[in-house]
Number of protein chains: 2
Amino acid sequence: MTGIVYLVGAGPGAPDLLTLRAAELLRRADIVFHDALVHPDTLMLAEKAEKIAVGKRCGRHSTAQRFINKRLVDAARTHELVVRLKGGDPLLFGRAQEEIDALEQAGIEYAIVPGITAALAASAAVGVSMTRRGLSRNVTFVTPRTGAGEQGRDWARSALAADTCAIYMGVGEAAQIAATLMARGASPDLPAVIVESATLSGERRIAVRLADLGAAAAQMITGPAVILLGEVYARVQSAEVTAETTARSRAA
Amino acid sequence: MTGIVYLVGAGPGAPDLLTLRAAELLRRADIVFHDALVHPDTLMLAEKAEKIAVGKRCGRHSTAQRFINKRLVDAARTHELVVRLKGGDPLLFGRAQEEIDALEQAGIEYAIVPGITAALAASAAVGVSMTRRGLSRNVTFVTPRTGAGEQGRDWARSALAADTCAIYMGVGEAAQIAATLMARGASPDLPAVIVESATLSGERRIAVRLADLGAAAAQMITGPAVILLGEVYARVQSAEVTAETTARSRAA
């Protein structure tokens, strides 16, 4: 017997931003390998499954990728329905390709279930469209975080070419990001928003100009965060999500 | 009485790629304004709501944007829970900002519920990560489609700067897109995939090199489609989704 592995996007955080398909797969799953940041209520949907935390969190390396790949292959040989639950969308900064390649090499059947990615959840929280007629007709998602074999790639070029840009895994080096972009021509006045813990109870956003991004990032401490850059954010104001602001930024 | 308007992403097509939050809001909705491409099974979740089709389809202008804005404002003055259901994600090529602005100007409360955008659904169908260590650390979503006041903006610059690129609303002018990108330095051998009706029963994909994109697009006729460009797609093969391939590309 060989089972099937589903690489499933858990979405940005709030348990009800999971897809119906993902919820159904969790209910049926025999074993779930999940990132550290997946919400406990989401994991509870996997009633009958063995649950194994394997994710990396904020760059802290918890379980080596090669070991995760091997566990997925092994699990498919002993379980009918294996779920690999990843924060956000599996195919955007999720290192899913390494898991897909391992499954293909082992001849294991797999399928991918997309999820809400952090930048779109952050945008929904802020209430500003990433595209806008006359102002933004393209959007770039980028990370400055380098991995093995990536030293040669230039993250800033695509950020500078974009009308609107979302930077993943960048808050820890926000001052350096801002300096790099400004040195290469970005305006110090370019509107920027850091959104922390989007869709979760600790949600917070700080709206600044690019020149002040580093100082703003220093105020962000705990949750996962996305940096949004672009003229579309010119009107955004900083906010913590309180009872008053919740209705605007989040559905019940 | 003034109600609240939820701008809700319906996802890429398959009804079970709706979020749990969106499904719950549809169940509670008093009135739903929806795009033409939203799946009938998704609309059926809105059991008690009046349902009004207002969307534009493939550039055919069905209901003027200004008229939609006005109807949303009017509906919030006579209904408690108004849902504006948009294909994909509301804040990516959805013209949501015009609706948000109209609601803000009228003092109507609103919230945004993100959805799975077409490029991520297409990627899940193809089974290839948009980012990949050593090969792609940024992703650009772009449309060459111009609207009023956008003639001056250069869509190709961000596409050329991206490691991986998804082109929305571009299949109708694919030959021109390929010619433009090649004239500005893109390799004729750049891998391209057109994914049509991702997540739906008519799902189909054609994998070609950029130089052959126009000919491939001419074979796509019916459904909404996304063009994916980038080295990450080098191994993709053309396919219609059949019983054999469904397991790999789709859950349930």
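Q: What makes residues count as being in contact with Leu228(A), and which ones are they, leaving aside its neighbours within four places in sequence?
A: Contact means heavy atoms within 4.5 Å. By that rule, Leu228(A) touches Ala119(A), Ala122(A), Ser123(A), Val126(A), Met130(A), Cys165(A), Ala166(A), Pro191(A), Ala192(A), Val193(A), Val195(A) and Tyr233(A).

Q: What kind of model is this, and what does that ask of its residues?
A: This is a predicted model: local features need pLDDT of at least 70 and side-chain atom pairs count only at pLDDT 80 or more, while totals for chains, interfaces and linings use all residues. Residues are numbered from 1 along each chain as its sequence is written, chains are lettered from A and ligands numbered from 1 in the order in which they are written, and side-chain values use heavy atoms, with hydrogens and water left out.

Q: What makes a set of residues a nonpolar core?
A: The members must be buried Ala, Val, Leu, Ile, Met, Phe, Trp, Tyr or Cys residues, joined through side-chain atoms within 4.5 Å. The largest such core here has 40 residues, and Leu228(A) is among those with the most contacts inside it, together with Met130(A), Phe141(A), Met130(B), Phe141(B) and Leu228(B). In soluble globular proteins, nonpolar side chains tend to be buried together.

Q: What relates chain A to chain B?
A: With copies superposed by least squares on the C-alpha atoms of residues with pLDDT of at least 70 in both, chain A can be laid on chain B with an RMSD of 0.0 Å by a turn of 180° and a shift of 0.0 Å along the axis. That is how a two-fold axis relates two copies. The same surface serves both, as 100% of the contact residues of chain A recur in chain B.

Q: How many residues meet between the two chains, and what area is buried there?
A: In chain A, 77 residues are in contact with 77 residues of chain B. Buried area is the accessible area (1.4 Å probe) that two parts lose on being put together, summed over both; here the value is about 6,700 Å², with carbon and sulfur atoms giving 53%.

Q: Why is the pair of Arg132(A) and Asp101(B) called a salt bridge?
A: The term asks for a side-chain nitrogen of Lys or Arg within 4 Å of a carboxyl oxygen of Asp or Glu. The N to O distance between these two side chains is 2.4 Å, so the pair meets the rule. The count between chain A and chain B is six salt bridges.

Q: Why is Arg137(A) called buried, and what lies 2.6 Å from a polar atom of its side chain?
A: Its relative accessibility is 3%, so Arg137(A) counts as buried. The backbone oxygen of Pro144(B) lies at that distance of 2.6 Å.

Q: What makes Arg204(B) and Glu196(B) a salt bridge, and are they buried or exposed?
A: Their closest N and O atoms are 3.3 Å apart, and the two form a salt bridge. Arg204(B) is buried, with a relative accessible area of 18%, and Glu196(B), at 3%, is buried too.

Notes. Buried means under 20% relative accessible area, exposed over 50%, partly exposed in between (1.4 Å probe, protein chains only). A polar contact is a pair of N or O atoms within 3.5 Å; within protein, one must be able to donate a hydrogen and the other to accept it, and residues adjacent in sequence count only if both atoms are side-chain atoms.
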